[in-house]
Amino acid sequence: MLRLTTFLTALVTLPVLASEDIADQYPASALYSKPVEVIPHVWSAIGATAPPNYDNAGHNNNLSFIVTGDGVIVINGGAAYILAKALHDEIKAITDQPVKLVIDENGQGHAMLGNSYWSELGVPILAHVDAAHEFEERGSSILANMKRYNRDKAEGTFVALPTETFDEPRTITMGDFTIEVMHLGPSHGPGDTQVWLPEQSLVIAGDMAFHERMLPIFEDTIVYDWIETWETGFEALNATYVIPGHGHPTNMAQVRRYTHDYLVHLRTVVGAHLEDGGDLAEAYYVDQSAYANLDTFKELATRNAGRVYEQMEFE
């Protein structure tokens with residue numbers, strides 16, 4: 001355990017290296033990076049922090065799996081058939097245990113489009129009811145967008161909906177693991193799901209938590225609700241290890257700093273701007289310089305500020 005703790009500490013204390021300029025880290029595979037064992041029997045293939053593109057095949061989120069001793073549980077279908085197959089190839093190189101369940105962490109393409117591969121194998125696929133509804137409503141357009149950037153790498157991918165949904169927390173006992181599948185409340189998007197391993201004090205947080213890339217605020221992301229869910233649900237887990245939706249495994253302090261504290265900061269500076277009578281055009285340029293080190297800052301900072309202004313304008 002000392003070696004693992006040292007490994008995770010090193011990840012936290014090193015400067016942020018996950019830049020959009022870093023080339024594919026695993027040229028032998030469609031995956032952006034080779035899976036790493038975060039704690040014993042819990043693995044994650046860390047995606048690029050850049051937006052999805054042809055070079056990373058859409059692998060810009062984390063694809064994780066748990067080798068339970070009585071089967072494998074995969075977290076995230078992946079952004080394309082090719083990525084799900086590549087992840088399965090890595091799993092088969094590590095263990096002879098079959099994949100028994102796939103859990104999609106939200107309704108976005110990089111969580112669900114790879115369901116097409118797993119569905120062909122007859123593997124059950126679980127998602128929160130809201131995430132499943134999101135993908136059912138928007139799956140065709142999500143697939144079309146992926147095909148535009150992935151071109152030939154989109155081959156074989158089709159819209160495959162989850163085979164099971166949950167609304168209330170679900171506890172899964174498999175092999176040596178007790179796994180709690182939860183939707184703690186509104187956060188980044190509809191049906192955001194967290195996978196909690198209480199005995200290991202590890203949470204696969206999904207898009208609840210960011211730290212190496214700036215989080216995006218979507219049209220349906222209500223920042224006030226995300227902060228409340230963090231404070232009343234996510235923080236209470238008091239996890240030792242956090243595998244975020246994007247970026248390397250880390251700890252609660254780091255994701256708190258770049259998720260919760262960033263959201264609070266943005267509401268604070270936009271709120272002050274509103275009190276001064278500022279308009280939307282000026283709101284795009286409120287001070288976010290403390291977070292300029294994050295990947296995708298240039299792409300997202302001004303848009304995030306504008307969306308928070310629109311949310312707060314009539315509070």
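Helix α6 meets helix α7 through V223, Y224, W226, I227, W230, E231 and F234, which touch M252, V255, R256, T259, H260, L263, V264 and R267 of α7; contact here means heavy atoms within 4.5 Å. By class, this contact has 10 nonpolar, 2 polar and 3 charged residues. Ala, Val, Leu, Ile, Met, Phe, Trp, Tyr, Cys and Pro are counted as nonpolar, Asp, Glu, Lys and Arg as charged, and the others, Gly among them, as polar.

The model is predicted: local features need pLDDT of at least 70, side-chain atom pairs count only at pLDDT 80 or more, and totals for chains, interfaces and linings use all residues. Residues are numbered from 1 along each chain as its sequence is written, and side-chain values use heavy atoms, with hydrogens and water left out.

The axes of α6 (residues 223–234) and α7 (residues 252–275) come within 9 Å and cross at roughly 145°. Axes are lines fitted to C-alpha atoms, for helices over the stretch in contact, and angles run from 0 to 180 degrees between N-to-C directions. Helices (H or I, at least four residues) and strands (E, at least two) are DSSP runs, numbered from the N terminus.

An open sheet holds 7 strands in the order β1-β2-β3-β4-β5-β6-β7, with mixed pairing. Its edge strands, β1 (36–39) and β7 (164–166), each pair on one side only; two strands pair if DSSP finds at least two bridges between them. β1 and β2 (residues 42–45) pair in the antiparallel sense over 3 bridges, and W43 in β2 is the bridge partner of E37. Helix α2 (residues 81–94) lies across β2, β3 (63–67), β4 (72–75) and β5 (99–103), at about 25° to β3. Helix α5 (residues 129–150) lies across β6 (125–128) and β7, at about 100° to β6.

The count of salt bridges comes to 9, each being a side-chain nitrogen of Lys or Arg within 4 Å of a carboxyl oxygen of Asp or Glu. Three of them are listed here.

| Salt bridge | Closest N and O atoms |
|---|---|
| E90 and K34 | 3.2 Å |
| D89 and K85 | 3.5 Å |
| R170 and E164 | 2.9 Å |

E90 counts as buried at 10% relative accessibility, and K34 as partly exposed at 47%. Buried means under 20% relative accessible area, exposed over 50%, and partly exposed in between (1.4 Å probe, protein chains only).

D89 and K85 both lie in α2, 4 residues apart, about one turn of the helix. Salt bridges link K85, D89 and K92 in a network.
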